[in-house]
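Hi,

Here is the structure I said I'd pass on.

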Amino acid sequence: MAYDFDSVIDRRATSSTKWVRYGPDLLPFWVADMDFKSPPGLLAAVEERLRHGVLGYTDPPPAVEDAFLEWLMDRFGWSVPREWLLWLPGVVPGLNLAGRVIGDPGESILIPVPVYHPFLSVPRQAGKEALFVDLVRDRGRWVMDMDRLEDAVQPSTRGLLLCSPQNPTGRAYDRSELEALVGFCLRHDLTLVSDEIHCDLLLDATACHVPTATLNPELRCISLFSPNKAYNMPGLSLGVAVIADPVLRNNYEEALLGLGSGVSPLAFAAALWAYTDRSDWLRAVTAYLSKNRDLLEQTVAKLDGVEMTHVEATYLGWIDVSALALDDACAHFDRFGIRLSDGEPFGAPGFQRFNFGCPRITLQQGLSLFEEAVRNP
């Protein structure tokens, strides 16, 4: 089936966060949602649920749980018992719940940075200390430095927060990297929290996703999944935690009580379609995103004063603009009509994150503005 990713859809009239927050004069490439329609089948599933007419509080439907468990087996060969699942009103709430159940107040949690900015506040909101450890660039790839992690871990450290695939750097960690991290967690008796929301957005044919929890049954792990990014349905907030350890799972479930009214019935309908998707929409959208990625990388490569590493997964480019020596990088790019995500909230001042999940004509317009801003620091 042919899909239309080229048409520009006006989102301002829908109070789109991406398009209205910074006003009508800025072309937005910041917050991580895409400017494409969700898959036709997913929209049809939501419409069918709407036709029922009653949108009340909804328990996790068994069909959704069955679909997710089958998806884990089909994608990753991972056999998971139903009782390991806890459904959430989004992955960010799932991260913050994890912060509450890892260790005691005053203890610490490791966070490799840069990383999706809600990670950085998880320890503080749980009354714990955040230990930030820099990722490093090695031969054009952002990698975890195991020596730095060993130097940073403390006797009071109880956990580590991982984003895999990695937002904002676009890394799809390979098995050997994740095995090294799992070994580190086991040596130091750490609980690993693994946000895997971008696992279906692999842009390179050689990239693959390995669920961290599958690498060692002894690992105490909270794995967080959601179809929201890959199928462009982030407004239908939904996530699911997979937790094998019964004590950890019980503590997590207790922390979940009272968090809110649960997951929307429309989100469950969309998730059921996504986890049983047999269309070629995901293949088509990742192929389109790969070409957008190539265009962004080619543009950055020809400009002096900026650089970026190759994006293996996600639809996010992580651009080093530090050589431009800008006092306020976001304000500078704003002056040229383009809004990016500033690196400082991700733990990396001097960088800008560029969301290329948009029609190509929009991307081309944005890249022209980006080039002009870089050439006139």
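Helix H4 (residues 91-101) packs against helix H8 (residues 246-256) at about 120°, and their axes lie 9 Å apart. Axes here are lines fitted to C-alpha atoms over the stretch in contact, with angles running from 0 to 180 degrees between N-to-C directions. From H4, Gly-94, Leu-97, Ala-98, Arg-100 and Val-101 meet Leu-248, Asn-251, Tyr-252, Ala-255 and Leu-256 of H8 (contact is heavy atoms within 4.5 Å). Seven of the residues in this contact are nonpolar, two polar and one charged, with Gly counted as polar and Tyr as nonpolar.

A word on the source: this is a predicted model, where local features need pLDDT of at least 70 and side-chain atom pairs 80 or more, while totals for chains, interfaces and linings use all residues. Numbering starts from 1 along each chain as its sequence is written, and side-chain values use heavy atoms, without hydrogens or water.

Phe-356 counts as buried because its relative accessibility is 0% (buried is under 20% relative accessible area, with a 1.4 Å probe and protein chains only). Beyond its neighbours within four places in sequence, its contacts include Leu-203, Leu-289, Arg-293, Thr-314 and Leu-363. Thr-314 is 42 residues away along the chain, with 9.4 Å between the two C-alpha atoms.

Finally, the buried residues of H12 include Leu-363, Leu-367, Phe-370 and Glu-371. Helices H10 (281-301) and H11 (329-335) are among the elements covering them.

Cheers

Conventions: Buried means under 20% relative accessible area, exposed over 50%, partly exposed in between (1.4 Å probe, protein chains only). Helices (H or I, at least four residues) and strands (E, at least two) are DSSP runs, numbered from the N terminus.
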